[in-house]
Amino acid sequence: EHDHRSRGTKHEARTPQHTHQLHNLALSEKRTSESVDENKMAPPGSAHLNFTMGGLVFLGGAMGYMRKGSTMSLLAGVTFGGLLIGSGVLITQGECFKGHSLAAGCTGVMTLAMGQRFLSTGKFMPAGMVASLGAVGLAYNVKKAIEWMPEKAD
């Protein structure tokens, strides 16, 4: 017959010190998990809209430059696209309030600037499209920033 103990599958007896260390580790992990407010955990998809919008704005700016030679489109696309992607990074790093606030500011400026342009030209592409996407991003990020707003210290 084969002895399972020869393969190292037998559990070694724990010393009192080892048992005490395991108990302290378990208490430490419990305290850590209790100290994290479960309602303040970032939802997995919280940053996706900002990453997506950042990529679209960046590409849109590059397309405006390639098609019409608009350096303003390129500059705006790189700036606002980069800031939106940066907001997504902040959110994934647990800086949810800062990330959503940054994105709300960016999308607010995009909505105002491109909305004004849409109203003056009447052309939906690109101004109306960017203003519409900006408004969606603004509404979402303001809602999320309010959810993640730090509580005031007494």
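The crossing of α2 and α3 is left-handed, a crossing being so called if the near helix is turned anticlockwise from the far one by less than a right angle, and right-handed if clockwise. The structure is a predicted model, in which local features need pLDDT of at least 70, side-chain atom pairs count only at pLDDT 80 or more, and totals for chains, interfaces and linings use all residues. Residues are numbered from 1 along each chain as its sequence is written, and side-chain values use heavy atoms, with hydrogens and water left out. Helices (H or I, at least four residues) are DSSP runs numbered from the N terminus.

The axes of α2 and α3 lie 7 Å apart and pack at an angle of about 165°, where axes are lines fitted to C-alpha atoms, for helices over the stretch in contact, and angles run from 0 to 180 degrees between N-to-C directions. α2 is therefore roughly antiparallel to α3, a term for angles over 145 degrees, whereas those under 35 count as roughly parallel, 65 to 115 as roughly perpendicular and the rest as oblique. The contact of α2 with α3 comprises 14 nonpolar, 12 polar and no charged residues; Ala, Val, Leu, Ile, Met, Phe, Trp, Tyr, Cys and Pro count as nonpolar, Asp, Glu, Lys and Arg as charged, and the others, Gly among them, as polar.

Helix α4 (residues 96-121) packs with helix α5 (residues 124-147) at an angle of about 150°, with axes 7 Å apart, so that α4 is roughly antiparallel to α5. The crossing of α4 and α5 is left-handed, and their contact contains 16 nonpolar, 10 polar and two charged residues. Between α2 and α4 the angle is about 40° and the axes are 12 Å apart, which means that α2 is oblique to α4. α2 passes α4 in a left-handed crossing, in which N50, M53 and V57 of α2 meet H100, A103, T107 and M110 of α4 (contact meaning heavy atoms within 4.5 Å). The residues of this contact are four nonpolar, three polar and no charged.

The largest pocket holds about 930 Å³ of space, a pocket being an open set of points on a 1 Å grid over the protein atoms alone, where a 1.4 Å probe fits, with protein on both sides within 12 Å along at least five of seven lines. Its lining consists of 27 residues, of which G60, S73, M114, P126 and V130 lie nearest the centre; lining residues have an atom within 4 Å of a point. Two or more residues each come from α2 (48-68), α3 (71-92), α4 and α5, and α2 gives the most, with 10 residues. By class, the lining has 17 nonpolar, six polar and four charged residues. P126 is found in helix α5 and is joined to M125 by a cis peptide bond, with omega about -5°.

Note on methods. Grid points are joined across faces, edges and corners, and a volume is the space filled by probe spheres set on the points.
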